[in-house]
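Here is a short briefing on one protein model. Please keep the sequence and the structure in view while reading.

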Amino acid sequence: MNRKDLIDRLQALYKDEDSRVTVNPHAGQKVAIVYPNTYFVGMSNLGLHIIYEEINLRNDSVCERIFLPEKKELEAYDKTKTPLMSVETQRPMHQFDVVAFDVTFEMDYFHIPLMLRHGRVPIMGKDRTEFDPIVIAGGPCATFNPEPFADFIDAFIIGEGEGIVSRVLDIICDGKMEGLDRHAILRQLANISGVYVPSLYVPIYSDDGEFKGYDIAEGAPTTIKRHFEMLTSGGETVVATNYTEFGAMYIIEVARGCGRHCRFCMAGYCFRVPRVRPLEILKEGVDRAEKLGKKVGLMGAAISDYPEVDELVTYIRSKDMRYSCASLRADSLTQAVVDGLADSGQKTITIAPETGSERLRRVINKGISEEHLQNAATLSAKSGIQHMRLYIMIGLPTETDEDIEAIVGLAERTQAHMAEVGCKGRLTLSINPFIPKPFTPFQWMAMDHQKTVEKKLQYIKKALQKNRRIEVLVESPKEAYIQGVLARGDRRLGAVLAACAADRGSKSFKSEMKAAGLDMDEMNYRERSFDEFLPWSHLDMGMDDGYLEMEWKRSVDEAYTPPCVQGCKRCGVCK
């Protein structure tokens with residue numbers, strides 16, 4: 001594969017797309033939005049579409065997309081000494097004014113320094129000159145803890161990107177017009193509420209390597225408030241392509257945030273309050289999907305929680321269109337939703353009880369009972385959907401052997417109920433190790449030991465292996481423990497990630513951690529104290545001081561926290 005083949009590949013992708021925005025490659029400010037994974041994965045990310053549209057609607061800016069090439073293609077880029085290029089015009093990454101990463105998953109951190117190197121942009125922010133792009137980043141990972149990859153980024157958008165990305169681009173554009181240097185422009189960006197400039201916050205460590213806080217530059221804010229956006233217009237697919245993880249699907253964001261207060265879920269805290277889009281806006285999106293001949297993908301924390309979900313799916317079905325749902329809750333599932341999924345060709349209904357015991361569901365505030373699961377199976381049987389999948393976590397705080405045994409019992413009883421109501425298909429348990437996340441009531445907790453988790457997984461598999469109608473799928477514990485370090489790590493991980501990118505990626509993580517004198521076990525298995533300054537403690541999601549600690553204590557007491565309601569002032573976000 002030569003340089004021309006690489007260019008032809010990008011041009012072929014672009015030719016096969018159907019876009020709602022016009023790209024003006026001659027606009028003054030040139031912005032690359034970079035997804036640190038492949039085109040196939042990245043084009044299923046709705047946030048990328050939303051920001052791409054906002055920037056391209058500006059008269060003075062053009063936004064083009066850059067993705068991580070597939071493995072063989074990346075080798076060709078290396079061999080031919082070709083820099084990473086954009087899909088739209090094959091412009092090299094280093095020729096853009098702004099390079100903006102959309103970071104959604106911890107395992108993509110390894111790709112950020114890799115892509116910068118292949119894009120001929122200095123990996124470390126401190127090494128960039130006036131001739132290099134300003135590198136910004138946003139997305140869920142940038143919001144809850146940007147520190148592990150902060151060395152690579154000049155400025156982070158904390159929270160939601162809509163609206164604020166335009167203010168960031170205005171300051172960068174105006175600053176360059178005025179002849180300001182990089183440092184002066186970054187100083188101005190730091191004054192925007194919702195923007196975090198990591199170079200102004202130098203980490204402080206004790207003699208024994210314990211993180212103690214930040215030495216904050218004079219004039220920089222002591223806390224960075226997340227940016228929050230009301231949903232005033234449609235959030236949906238902007239560039240339609242068949243070559244994505246979700247296939248030929250037109251994604252429509254039904255709602256954002258979640259008010260269910262599941263205590264393990266970062267999204268429920270960092271993107272609070274829950275907001276829904278008006279039904280009429282969603283119908284307009286469905287109409288656009290119909291013109292493109294696309295299946296509708298309904299996106300949100302819990303589609304079945306949408307107040308007008310029956311009306312929405314009825315409208316989709318009235319057009320003889322198919323749809324799928326990103327997530328469903330057993331306690332709000334309706335026959336109309338399930339019937340529509342069945343008519344759309346869906347063979348499996350997916351529910352997330354998270355654990356097998358009622359006790360542990362009270363601890364995590366899940367609020368789903370076994371009766372809800374059985375009702376979901378009954379609705380599925382009536383619609384003709386034969387298979388069911390349950391998402392389960394192990395290693396949750398306060399988990400006991402009885403809770404693990406309860407997973408086996410729940411699976412057996414659920415499968416038996418499926419058979420009773422006429423579901424002749426398979427029950428699949430998809431089991432993942434629990435990872436404590438920042439800005440949740442479990443952010444201080446130790447992860448369950450990897451060897452202990454592996455023993456629990458082996459027990460569950462063995463206990464259920466005789467039932468041919470129950471399948472057990474397991475997430476790699478090894479990868480989960482890398483994610484655990486990255487989720488709650490500090491800025492020392494930047495050098496580790498850069499070293500991994502120059503070697504074998506995530507496969508080098510353990511050895512590079514050891515070379516850096518960092519202990520994965522200590523980072524994952526250490527319980528933090530409530531008064532400890534955490535790497536993300538200078539970020540503000542809007543919650544009252546002490547709220548998360550109070551929710552942790554409520555979890556120990558197995559106390560129920562009811563969902564968000566209009567006018568509630570409980571957590572402080574809506575004050």
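In β20, the bridge partner of Leu427 is Ile470. This is a predicted model: local features need pLDDT of at least 70, side-chain atom pairs count only at pLDDT 80 or more, and totals for chains, interfaces and linings use all residues. Residues are numbered from 1 along each chain as its sequence is written, and side-chain values use heavy atoms, with hydrogens and water left out.

**Overall**

- The protein has 21 helices and 21 strands. Both are DSSP runs numbered from the N terminus: helices are H or I with at least four residues, strands are E with at least two.
- The radius of gyration, taken over C-alpha atoms, is 24 Å. A compact globule of 575 residues would have a value near 25 Å, so the two agree. The globule rule is 2.2 Å times the number of residues to the power 0.38.
- Along the principal axes, the C-alpha atoms fill a box of roughly 70 × 60 × 50 Å.
- Of the 575 residues, 58% are buried. Buried means under 20% relative accessible area, exposed over 50%, and partly exposed in between (1.4 Å probe, protein chains only).
- Among contacts with a separation of 6 or more, 75% join residues 24 or more positions apart. Contact means heavy atoms within 4.5 Å.

**The four-strand sheet**

- An open sheet of 4 strands runs in the order β17-β18-β19-β20, with parallel pairing. Two strands pair if DSSP finds at least two bridges between them.
- β17 (348-354) and β20 are the edge strands, each with a single partner strand, so one side of each has no neighbour in the sheet.
- The twist averages 20° from one strand to the next. Axes are lines fitted to C-alpha atoms, for helices over the stretch in contact, and angles run from 0 to 180 degrees between N-to-C directions.
- β17 and β18 share 5 bridges. Glu354 has Ile392 in β18 as its bridge partner.
- Strand β18 (residues 387-394) joins β19 over 7 bridges. Here Ile392 stands opposite Ile431 in β19.
- From β18 the chain passes through helix α15 (residues 401-420) to β19, in a right-handed β-α-β crossover. Right-handed means that, with the strands pointing away from the viewer, the path from the first strand over the helix to the second runs clockwise.
- β19 and strand β20 (residues 470-474) pair over 5 bridges. With helix α16 (residues 450-464), they make a right-handed β-α-β unit.
- In β19 (residues 427-433), 6 of the 7 residues are buried, so the strand is largely enclosed by the rest of the structure.

**The three-strand sheet**

- Another open sheet has 3 strands in the order β12-β15-β16, with parallel pairing.
- Its edge strands, β12 (249-253) and β16 (323-325), each pair on one side only.
- Strand β15 (residues 295-299) meets β16 through 3 bridges. Gly297 stands opposite Ser324 in β16.
- Helix α10 (residues 279-292) lies across β12 and β15, at about 170° to β12.

**Ser86**

- Ser86 sits in the loop between α4 (71-79) and β4 (98-102).
- Its relative accessibility is 0%, so Ser86 counts as buried.
- The side chains of Ser86 and Glu64 make a polar contact at 2.5 Å. A polar contact is a pair of N or O atoms within 3.5 Å; within protein, one must be able to donate a hydrogen and the other to accept it, and residues adjacent in sequence count only if both atoms are side-chain atoms.
- Not counting residues up to four places away in sequence, Ser86 touches Leu10, Glu64, Arg65, Ile66, Arg91 and Phe96.
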